[in-house]
Amino acid sequence: RETSNGFYIRTSAFASTGSSGGGVFTAEGKLIGIIAFGPTASREREEVQPRTFAPPVEWIELIPRRSVGTRLYSTRTQYDYMTIIDDLKAKMKWQELIAFSDGWLSTQPDYPATWIANNAKAYSMFEMGKLLQALATYQKVVAIEPLDDSAWNNLGNVHAALRQYDSAIMSYERAAALSTAPKATSATYANIGIAYNRKGETDSARKAYEHAVRLNPDAAEALRNLGIAWTQLGNPAAGLPFIERAIILTPNDPQAWLGLALAHHI
């Protein structure tokens with residue numbers, strides 16, 4: 001990823017917490033970068049996304065120049081910024097999060113700050129109901145970081161909220177293709193099913209829910225929706241086991257109980 005200082009490495013190679021300062025190597029053992037931070041855990045996805053960032057090894061020779069005179073970067077590290085973003089998200093301080101993200105962008109306008117800060121802004125805008133602004137900002141995010149499945153999934157959520165279901169499905173499918181975590185991919189296929197259902201394409205919704213359940217047999221919402229889809233298609237007997245399983249997993253879900261009643265009624 002290009003910055004004003006050259007190219008910054010983004011790799012899906014997993015790096016555990018505390019790995020900063022370690023090396024990123026090719027399969028042949030050639031050192032190509034130094035780990036800066038990673039991975040990140042997305043609260044809304046509830047899974048660790050394998051994502052590691054590293055300045056290229058060529059930057060090592062710039063250390064003496066950076067150690068004297070005017071600092072090129074803020075005294076805060078990117079980890080500090082991300083910690084603050086997570087805290088503001090947890091406290092649902094959306095306006096403050098937007099202001100903080102804008103401040104980070106003014107301090108560090110390069111990648112990956114542009115991607116992470118804009119992602120936080122878009123998330124806040126969505127939560128505040130500013131859907132068109134969220135849409136434009138998420139589109140900027142996926143242009144900067146086209147390999148981030150969570151950003152594509154969130155872009156799909158905005159399209160769905162705007163009732164742009166075809167665009168939502170395209171975004172979700174991109175997220176599913178990029179995701180390496182089965183539970184996250186399952187959640188994305190569940191979103192695809194919801195979008196198809198809202199379009200009135202029940203059989204396509206059923207297929208998406210089935211895929212979600214194959215990836216995560218304990219996905220209660222996908223199980224419930226799959227059962228209801230079978231009922232809508234005129235085959236409640238096929239759907240009953242899924243609804244019953246959903247109720248076992250989430251006994252306080254009123255939609256699952258309603259789906260069960262409809263299946264028995266039909």
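1. Confidence first: strand β6 (residues 40-42) has the lowest mean pLDDT of the protein's elements, 49, while helix α9 (residues 202-215) has the highest, 97. Here pLDDT is the predictor's confidence in each residue, from 0 to 100, and helices (H or I, at least four residues) and strands (E, at least two) are DSSP runs numbered from the N terminus. Overall, the average pLDDT is 87, with 88% of the residues scoring at least 70.

2. Some ground rules. This is a predicted model, where local features need pLDDT of at least 70, side-chain atom pairs count only at pLDDT 80 or more, and totals for chains, interfaces and linings use all residues. Residues are numbered from 1 along each chain as its sequence is written, and side-chain values use heavy atoms, with hydrogens and water left out.

3. Two stretches to treat with care. Residues 41-46 stay under 50 in pLDDT, and the model gives them 13 contacts (heavy atoms within 4.5 Å) beyond four places in sequence. Residues 69-73 are also below 50, with five contacts beyond near neighbours in sequence. Where pLDDT is low, the predicted coordinates should not be read in detail.

4. Now helix α6 (residues 149-161). Its 13 residues reach 19 Å from first C-alpha to last, close to the 18 Å expected at 1.5 Å a residue, that is, 1.5 Å times one less than the number of residues. Just after α6, R163 takes a positive phi of about 65 degrees.

5. How much of α6 is covered? Mostly: 11 of its 13 residues are buried, meaning under 20% relative accessible area (1.4 Å probe, protein chains only). Among them are W152, L155 and H159.

Technical notes. Buried means under 20% relative accessible area, exposed over 50%, partly exposed in between (1.4 Å probe, protein chains only).
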